[in-house]
Amino acid sequence: MHTLNDKALRRFLPDEAATIAFGHDLAHALQPGMTLFLEGDLGAGKTTLTRGILRGLGFAGRVKSPTYTLVEPYVVSNLYLYHFDLYRFSDPSEWEDAGFRDYFNRESVCLIEWADKAEGLLPTPDWLITLVPEGEGRQITLIANTEHGAACLATLSPDLGTLPN
C-alpha cells in the first residue's frame, strides 16, 4: 500500500480480481453513517469496487450498476448500504425530487457514483475514492475528508487488497 499520509492512500490494482479484493478489505473499515464518493470515467471500476465491498460485508447476491434504477439498496447483517449512480441526472434539483435524502442516516453507508451531478446537496464524503484506468488495471486513490473517515482509514491493514498466493 502506498500511503500518501494518514488521510490518504494510493494503490495500483492490476485487474478486476485485485479491485474486488481491495473492496473486500475496505468493507472491514466501513461504519454505519459513512458516505463514499466513487469517482472515475465510465468503465473505471466503480461498480466492481462496490461488488468487492459488498462481498467483504458478506453479500453473495448479484451486484449491478444502478445506472438506470439510480439506487440499488442492499441489507447485509445489520447494515443498510445504498449504491447510487447519478450519471443520468441533468440538474442537481433531481436529487431533491428523487427523495434520496432519507437514505443518508446513522444506520446507512452510501456509495455514490457521479456525485458531482448533485453538487452542493450531498453531505461531505467521509472517503473520496478515485479510480483511473491504467493499462489492464487501475490506479485507486482514497482520501479521507472527515475525521470519521480518517479514523476508519486508519483501521485498514497495510496489505490492503493483496491477493493470497
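**Accessibility, salt bridges and confidence**

Biologist: How does Lys7 count in relative accessibility: buried, partly exposed or exposed?
Modeller: Lys7 has a relative accessibility of 31%. Under 20% relative accessible area is buried, over 50% is exposed and in between is partly exposed, with a 1.4 Å probe and protein chains only, so at this value Lys7 counts as partly exposed.

Biologist: Which residue forms a salt bridge with Lys7?
Modeller: A salt bridge is a side-chain nitrogen of Lys or Arg within 4 Å of a carboxyl oxygen of Asp or Glu, and for Lys7 the closest N and O atoms of the pair are 2.8 Å apart. Lys7 lies in the loop between strand 1 and strand 2, and its partner, 140 residues apart from it, belongs to helix 4 (residues 147-153); helices (H or I, at least four residues) and strands (E, at least two) are DSSP runs numbered from the N terminus. With a relative accessible area of 58%, the partner is exposed: this is Glu147.

Biologist: Which residue forms a salt bridge with Glu16?
Modeller: A search of the whole structure finds 2 salt bridges, and in the one formed by Glu16 the closest N and O atoms are 3.9 Å apart. This pair links helix 1 with helix 2 across 35 residues. Glu16 is partly exposed at 46%, and the partner, also partly exposed, at 22%, is Arg51.

Biologist: What span does helix 1 reach from its first C-alpha to its last?
Modeller: Helix 1 covers residues 16-27, which makes 12 residues.

Biologist: Which element of the protein chain has the lowest mean pLDDT?
Modeller: The chain as a whole has a mean pLDDT of 86, with 90% of its residues at 70 or more. Where pLDDT is low, the predicted coordinates should not be read in detail. Among the elements, strand 3 (residues 35-39) has the highest mean, 96, whereas the lowest, 49, belongs to strand 1 (residues 2-5).

Terms used. Residues numbered from 1 in each chain as written. Predicted model: local features only at pLDDT ≥ 70, side-chain atom pairs only at ≥ 80, totals over all residues. Heavy atoms only, no water. pLDDT = per-residue confidence, 0-100. Expected span 1.5 Å × (residues − 1).
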